[in-house]
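Trainee: I would like to learn how to read a structure that is new to me. Could we go through it feature by feature, with the general idea before the particular case?

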Amino acid sequence: MEGIAIRLLNLRKSFGETTAVAGVDLEIRDGEFFSMLGPSGSGKTTVLRLVAGFETPTEGRVELAGQDVTGLAPFERDVHTVFQDYALFPHMTVEQNVAYALRVRKVPKAERLARAREALTEVRLEGYGARRPAHLSGGQRQRVALARALVGRPRVLLLDEPLGALDLKLREEMQVELKALQREVGITFVLVTHDQEEALTMSDRIAVFHRGRVEQIGTPAEIYERPATPFVASFVGTSNLLDGEAARRIVGAPGTYSVRPEKIRILKESAESTEPENSGATGTVAEVVYLGDATRFLVDLDGGGRLTALQQNLETSSEDVAAYRGARVRLQWHRRHCVAVPTPD
């Protein structure tokens with residue numbers, strides 16, 4: 001059985017009259033890349049700070065590797081936190097920044113420099129040790145912050161929106177590198193992010209936070225393909241929710257249903273399905289959004305409600321897709337892609 005790196009038991013945190021964390025129970029496994037995903041104010045960052053020891057819970061317990069650390073100071077916990085602003089010392093060289101924690105722990109100079117160079121090699125910054133942080137790019141400074149966190153080989157690495165300051169292309173590159181690095185070093189990584197794509201790209205499992213609680217925990221595929229609540233369906237990626245009369249007419253049963261835009265095909269209104277496992281509905285294209293590699297269609301359904309469909313632009317241009325606006329179409333999807341979403345009582 002896999003070991004448990006972090007266990008949270010009925011964790012609660014209030015700031016005056018405001019409840020930031022409203023009873024979270026959570027287990028994160030050794031060697032796992034785990035993400036806490038949610039919008040601003042959902043409680044994810046507060047949970048990270050409770051694990052790090054920067055905040056004390058109002059109720060509940062924090063365990064690291066089976067040890068109750070709820071009352072321990074941050075430096076007494078075998079964790080390290082990487083922040084969005086990197087928090088590098090500008091007057092120190094890269095190598096000195098990375099070795100600083102070892103220096104505080106009075107590790108002999110020769111050993112700490114050797115370990116600092118090893119950590120820089122792990123993050124592909126060998127040869128950069130003599131530079132100052134001001135002379136590095138944003139991505140390089142992020143790597144220095146990671147090397148500094150990894151040099152002491154903590155049991156858990158906490159990442160608080162670590163890629164938020166990077167531009168889109170560099171952020172996407174760093175997502176791949178960060179996951180590869182985690183696999184290489186084998187340390188438990190816990191990421192806090194509001195970026196759904198970031199969480200889906202890097203994580204072994206994801207906890208989706210909403211209003212201080214965990215709405216769902218699962219693999220990226222489980223979270224995306226089988227959302228447990230309407231909030232998860234709407235927050236993680238783009239989803240269509242059918243309910244009320246629209247659900248009864250289109251799905252044939254009451255309830256709330258989710259179908260992802262990329263699962264929907266757009267056909268001529270006169271097209272009929274030859275596949276018994278397909279479902280569909282007719283409607284009018286209300287809006288067309290050209291995205292370059294794909295086009296998003298917003299379709300008002302004859303049976304009520306609106307669905308968004310996503311179509312890859314294999315041979316079309318912005319002028320071609322614009323002609324769809326106002327057109328009559330048939331939307332079609334496989335029945336298994338229309339997932340029933342539990343709703344609160």
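This is a predicted model: local features need pLDDT of at least 70, side-chain atom pairs count only at pLDDT 80 or more; totals for chains, interfaces and linings use all residues.

Trainee: How should I read the pairing of two strands?

Mentor: Strands of a sheet pair through backbone hydrogen bonds, either parallel or antiparallel. Here E13 pairs with strand E17 (residues 328-334) in the antiparallel sense, over four bridges, and Ile266 stands opposite Leu331 in E17.

Trainee: How many of the residues of strand E9 are buried?

Mentor: Six of the six residues of E9 (residues 205-210) are buried, so this strand is largely enclosed by the rest of the structure. As a general idea, in a regular strand the side chains alternate between the two faces of the sheet. In E9, Arg205, Ala207 and Phe209 point one way, while Ile206, Val208 and His210 point the other way, and all are buried.

Trainee: Which strands pair with E9, and in what sense?

Mentor: Strand E3 (residues 33-37) pairs with E9 in the parallel sense over four bridges, and the bridge partner of Met36 in E9 is Ala207. Strand E10 (residues 213-218), on the other hand, pairs with E9 in the antiparallel sense, over five bridges, and His210 stands opposite Arg213 in E10. The hairpin of E9 and E10 has two residues between the strands, and in this hairpin Arg211 takes a positive phi near 55 degrees.

Trainee: Now for helices. What should I know before I look at the way in which they pack?

Mentor: An α-helix has 3.6 residues a turn, so residues three or four places apart point the same way.

Trainee: Which residues of H2 and H4 meet?

Mentor: From H2 they are Val94, Asn97 and Val98, and from H4 they are Val144, Ala147 and Arg148. By class, this contact of H2 with H4 has four nonpolar residues, one polar and one charged.

Trainee: At what angle do H4 and helix H5 pack?

Mentor: H4 and H5 (residues 168-185) pack at an angle of about 20 degrees, with their axes 11 Å apart, and H4 and H5 are therefore roughly parallel to each other. H4 passes H5 in a right-handed crossing. On the side of H4 the contact is made by Gly138, Gly139, Gln142, Arg143, Leu146 and Leu150, and on the side of H5 by Leu170, Met174, Glu177, Leu178, Leu181 and Val185. The residues of this contact of H4 with H5 divide into seven nonpolar, three polar and two charged.

Trainee: How many residues of helix H1 are buried?

Mentor: Seven of the nine residues of H1 (residues 44-52) are buried, so this helix is largely enclosed by the rest of the structure. The buried residues in H1 are Lys44, Thr46, Val47, Leu48, Leu50, Val51 and Ala52. After H1 comes Gly53, whose phi is positive, near 95 degrees.

Trainee: Is Gly127 buried or exposed?

Mentor: Gly127, which is found in the loop between helix H3 (109-122) and H4, is exposed, with a relative accessible area of 77%. The C-alpha atoms of Gly127 and Asn10 are separated by 47 Å, and these two residues are 117 residues apart along the chain.

Trainee: And how would I describe the protein chain as a whole?

Mentor: The protein chain has 10 helices and 18 strands, and its C-alpha atoms fill a box of roughly 80 × 45 × 40 Å, taken along the principal axes. Of its 345 residues, 47% are buried. Among the contacts in the protein chain with a separation of 6 or more, 65% are between residues 24 or more positions apart.

Note on methods: Residues are numbered from 1 along each chain as its sequence is written. Side-chain values use heavy atoms; hydrogens and water are left out. Contact means heavy atoms within 4.5 Å. Ala, Val, Leu, Ile, Met, Phe, Trp, Tyr, Cys and Pro count as nonpolar, Asp, Glu, Lys and Arg as charged, and the others, Gly among them, as polar. Two strands pair if DSSP finds at least two bridges between them. Axes are lines fitted to C-alpha atoms, for helices over the stretch in contact, and angles run from 0 to 180 degrees between N-to-C directions. Angles under 35 degrees count as roughly parallel, over 145 as roughly antiparallel, 65 to 115 as roughly perpendicular and the rest as oblique. A crossing is left-handed if the near helix is turned anticlockwise from the far one by less than a right angle, and right-handed if clockwise. Buried means under 20% relative accessible area, exposed over 50%, partly exposed in between (1.4 Å probe, protein chains only).
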